[in-house]
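Here are some notes to read alongside the coordinates, arranged as numbered points. I hope they are handy when you open the file.

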Amino acid sequence: MAQECSFSMEDLLCSVCCEVFDTPVILSCKHSFCKTCIQTHWDRMGTRQCPLCRRTERSTRPPINMALKLASDVFRKNPEQFMAKSVERCSIHNEQLKLFCRKDAELICIACTSSRSHKNHEYCPIADAASDIMKELTNRYNPLKKQLTTFEKLQESLVELETYIQKQAAEIAAEVKQEYEKLHIILREEEAARLFVLKNERERKTAMVREKLQEVNKSIEELSDIIRYIEPIKIADNLTFLKECKEAIKRTSYTAPETEFPKKALIDVLQYLGSLKHGAWKRMENDVHHSSVNFDPNTAHPNLIISDELTSISYGKKQQLPDNPERCTSSMAVLAANSFDSGKQRWFVEVAYSKEWYIGVARESIKRKTAVFLNPKEGFWVISNNEESYWAQTSPRTRLTLKKTPQIITVELDYDKGKVSFSDSADGGSIYTFKDKFTERIFPYFATGIKEGNTLRICAF
């Protein structure tokens, strides 16, 4: 059977595992692989593509390549016989190719060693050459295979990252619209309130003008009647005039109401248009809070839930997030989006709703994927609390004794002087001060315990 086999040794090797085929299956693109190898490859990649030509396979259960399976079974039973019968012969001397010329990298027969083409060349038995070259090839091949695995994992991560970016952008857009809708509501309410007052003033002043107009119309009517009565008398003959003069003089004693233009009858324009934007802004100022720093979601541990316009973190259910280089995964930590490399900064952290917390600052180059000690040597200037036990994270730790439990802690950074100070925001009482020298960018640092509901919040003071 081995003599009739049309497959070479190379044909019997799976290109995925580089071993002799074990239950080979053939894809629609005519490439064959071990059944287990191709299924594992597809599971890892998440798509049914041929590893060689990248063509998508339609069938979920490719058929077995019976010819390859039979040849592979024959090889396993008698590999020496198979290899011997599959050896080629020298095209010049028709002798069996038993040697390998190292200089020309060619298979040669014994007669070739004395020929002009290979005279004085270095040659050796095929088995020895195959062994030596296999070692060299393996040394070159293994790093490439590792690189391929690395790139395949990176490919998978990048595909996931692209999907997450789309999801992240959609979530941010929805939240932006939601927050702006709150501002729109404030503006609409402010607009409606001003228009309501304007409507009331318009109705009140219109009623006043109409009442005055009625008085004027009445006076016009009464005066017109008097004028119409007197005018004919003035041009009548003396006899008629004297007969009617008593009544005419009586009617001219009519006293009309005041004819002044009403004061403050116009709309108070200043009340509605004067500082209109400022009034709306003041209304927003009462409803909108600004914090000096905000949490950076791209650095947050997957178990930290960020809310309230990036000012609140809580420990909760683990989220499916990319393991990007900036993300903290060794502890329940998050850095602020703000960073500092000079000057003075101050922010306020509400710790009342977390039984375990760590707050302070950290340098940009801290280790985020492996566990480290939170001390200045590792790039952390942090104080902590664990069940009412307070510590400054020095090396070794320093126990802190506080007169009362702080609800809100003030963190003050003086970068140029290398100081990080902590105090109770309620009374300004000092808690602890680190003194060091900063040599790189500094980020506000926050971490919670692993109990459900542990919450830290950045306050606006």
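This is a predicted model: local features need pLDDT of at least 70, side-chain atom pairs count only at pLDDT 80 or more; totals for chains, interfaces and linings use all residues.

1. α5 is hardly covered: among its 14 residues, the count of buried ones is one. The helix runs over residues 238-251, and from first C-alpha to last it reaches 19 Å, close to the 20 Å expected at 1.5 Å a residue. Its axis is worth a look too, as α5 bends by about 50° at Glu244. At the start of the helix, a side-chain oxygen of Asp237 comes to within 3.1 Å of the backbone nitrogen of Leu239.

2. Next, helix α2, which covers residues 66-77. Its 12 residues should span 16 Å at 1.5 Å a residue, and the end C-alpha atoms are 17 Å apart, which agrees. Buried in this helix are Leu68, Ala71, Ser72, Val74 and Phe75. Because they cover an arc of only 160° around the axis, these residues sit on the same side of α2.

3. Which of its residues are buried? They are Cys37, Ile38, His41, Trp42 and Met45. Seen down the axis, the buried residues of α1 fall within an arc of 130°, so they line one face of the helix. Thr36 and Asp43, on the other side of α1, are exposed.

4. A word on annotation. The UniProt record, an unreviewed entry, places the feature "domain: RING-type" at residues 14-54. In the model, the chain over residues 14-54 is 27% helix and 15% strand. The end C-alpha atoms of that stretch are 16 Å apart.

5. If you screen backbone torsions, two residues deserve a flag. Lys30 has a phi near 80°, a positive value in a residue other than glycine. Lys30 is found in the loop between β1 (24-26) and β2 (32-34), and it is exposed, with a relative accessible area of 65%. Glu309 also has a positive phi, of about 55°, although it is not a glycine. Its place is the loop between β6 (304-307) and β7 (312-315). How accessible is Glu309? At 43% relative accessibility, Glu309 counts as partly exposed.

6. The loop between β12 (389-392) and β13 (398-400) holds Pro396. With 9% relative accessibility, Gln393 counts as buried. Its side chain makes a polar contact with the side chain of Ser384, at 2.7 Å.

7. Now the cysteines. How many disulfides does the structure hold? The number is zero. Cys109 is in no disulfide, and the nearest cysteine sulfur, that of Cys112, is 3.5 Å away; a disulfide would need the two sulfur atoms within 2.5 Å. Cys109 counts as buried, at 0% relative accessibility. For Cys124, the closest cysteine sulfur is in Cys101, and at 9.4 Å it is too far for a bond. Cys124 is buried too, with a relative accessible area of 9%.

8. Finally, helix α4, which takes in residues 126-234. Val209 lies in this helix and is partly exposed, with a relative accessible area of 38%. The C-alpha atoms of Val209 and Leu148 are separated by 89 Å, and the two residues are 61 residues apart along the chain. How far is Lys212 from Gly343? From C-alpha to C-alpha they are 68 Å apart in space, and in sequence they are 131 residues apart.

Conventions
Residues are numbered from 1 along each chain as its sequence is written. Side-chain values use heavy atoms; hydrogens and water are left out. Helices (H or I, at least four residues) and strands (E, at least two) are DSSP runs, numbered from the N terminus. The expected span of a helix is 1.5 Å times one less than its number of residues. The bend at a residue is the angle between axes fitted to the seven residues ending there and the seven starting there. Buried means under 20% relative accessible area, exposed over 50%, partly exposed in between (1.4 Å probe, protein chains only). A polar contact is a pair of N or O atoms within 3.5 Å; within protein, one must be able to donate a hydrogen and the other to accept it, and residues adjacent in sequence count only if both atoms are side-chain atoms. UniProt positions are given in the numbering used here, feature names are shortened, and annotations may be inferred rather than shown by experiment. The arc is that of the directions from the helix axis to the C-beta atoms.
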